Amino acid sequence: MFLFLALLDSPEEQEKFTEIYDQYRHFMWYVANQKLQDEHLAEDAVQEAFLALTRHLDQVEDVHSPRTRKFLATIVRSKAVDILRKRGPEEELEKYLVSEKGEGDILEQYLVKENYHHLISCILELEDSYRVIFEYKYMYQMGDAQIGDILGISAKNVNVRYFRARKKLQKMIQKEVGCLE
Amino acid sequence: MNKQEELLVQVLEECLEEDLSFVPPEREIARKHRFSESFEQAMQKLLEEISHRSGEKEIQRHFLPRYGQWAACILVFCVCGWLFYQVSGQIGSKDAAPAEIDESQAFDSAAGEAEDAGEGNEQAAEESGTLQEETSDLTTAEGGQVYCGRTVYPAEIQDVPESLEGVTTLVNCPVLDEENPVLMLTIGNVGEEDIRYLNRYDLEVWLEDAWYRIPAEKETEGEWLTLEAGMAVDEEIDLSKYQIDYDASQYRLVTYVEQDVLGVEFTFGEVFKKTMEETERN
């Protein structure tokens, strides 16, 4: 725990952290509980999320901004996913293996304005374990090492998961667009 | 970031916004869910550690040799010199201290004697019976009283309000059933700012002339928790865990909020009934 806290090295950051805790802890619990459907596990997810936050507080500029709210939601969701993964690792592994099969990465071709609504429905359906990777990478512009630090995995594994997420999304869009065509 | 990535960001943002639009306001969630004690303890510990580490880091930052060895040497030299100056100054002041203490003690003693003399003159005018009664009451209040087979001592603070500006306490049942001595203590933050409260309470009983604190079976220090503005916290209290006399006239639960002490009174059904009957007779 001391290792995590060592990065909060100014009274301003400490104050910011306390403010986030006071303002968002119930919100974060609710988000976690939606995924986990277990009050106590949701509390564990919140606790883990706050620990992770101590190392990435630089991502929070304004405590009260919508961006901060979203960032906290992403962290706590990824922690909830982690808890679920620990409870059923075999199932999760199977998911990854299934998603690995298929064709090359042509996701970029589908990322066009015409497919905007298809993309929305696909992202909403995409598993959280993949979605949070996209959120960290694109919304918060975080590198693999930073994401790995939050998720407790290596940067290499983040990269592997990212490409699996891309393939999965690509497959979903192909299916969605194909159905309508 | 290229156009495709920008589009993906837009999609991700919209999806997240849609998901979060179903989340009720913080206060509403807080009303429905109360964090477990283990969670509160762990987070409290984390916040305390942060505070502690932050202080240490500040000190470390000042002493890091980032400004070069010379700067560090000069700093150490200055600090040592300042410390030496302070220590030698303290030793000097300690030598002078006893004389000052003697003087202040003499002043206090003289003032006390003058006050006593004044009170003595006033009391002399009163009847001797009243005087004895008052002396007896004072002795009881200062010493302990035997209650339920053990000695209880007067509460440090006798006059305790039920509510203050911004915070109030209440019990769900001011007249309690002896067969089901469970009540709910509520602390309400009616102000506009968050407050800190101690998640421990004291049970006190009114005996003859003063409030006496009933020791808990398991004394705990309690923890300071935050109560958000406009929120209330409920604490279920099972009095069957205490050794208490259901015939005592009045009880109160004392809580600690910020720097203040608040108390809320309650009684038991039989005692209340007797009191009402007496009132009707009079």
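Reader: How many helices and strands does chain B have?

Author: Helices (H or I, at least four residues) and strands (E, at least two) are DSSP runs, numbered from the N terminus. In this predicted model, chain B has six helices and twelve strands. Local features need pLDDT of at least 70, side-chain atom pairs count only at pLDDT 80 or more, and totals for chains, interfaces and linings use all residues. Residues are numbered from 1 along each chain as its sequence is written, while chains are lettered from A and ligands numbered from 1 in the order in which they are written.

Reader: In which sense do β1(B) and β2(B) pair?

Author: Two strands pair if DSSP finds at least two bridges between them. Strand β1 (residues 145-147) and strand β2 (residues 150-154) of chain B are antiparallel, with three bridges. B:Y147 faces B:R150 of β2(B). Two residues lie between the strands of this hairpin, and B:C148 has a positive phi near 50°. β2(B) also pairs with β8 (residues 210-214) of chain B, in the antiparallel sense over two bridges; there B:Y153 has B:R213 as its bridge partner.

Reader: How many residues does each chain bring to the contact between A and B?

Author: Two residues are in contact if their C-beta atoms, placed from the backbone, lie within 7 Å. Chain B contributes 32 residues and chain A 38 residues. On the chain B side, α1 (3-20), α2 (26-32) and α3 (37-63) each supply at least two residues, and α1(B) gives the largest share, twelve residues.

Reader: Which residues touch the most other members of the largest nonpolar core?

Author: A nonpolar core is a set of buried Ala, Val, Leu, Ile, Met, Phe, Trp, Tyr and Cys residues joined through C-beta atoms within 7 Å. A residue is buried if 20 or more other C-beta atoms lie within 10 Å of its own, exposed if 12 or fewer, and partly exposed in between, with C-beta atoms placed from the backbone. The largest core has 47 residues, and those touching the most other members include A:M28, A:V76 and A:I133. Its largest share, ten residues, comes from α2(A). A second, separate core of 22 residues includes B:L253 and B:F268.

Reader: Why does A:K171 count as partly exposed?

Author: A:K171 counts as partly exposed because 17 C-beta neighbours lie inside 10 Å. A:K171 belongs to helix α10 (residues 155-180) of chain A. Its C-alpha atom is 9.6 Å from that of A:C122, 49 residues apart along the chain.
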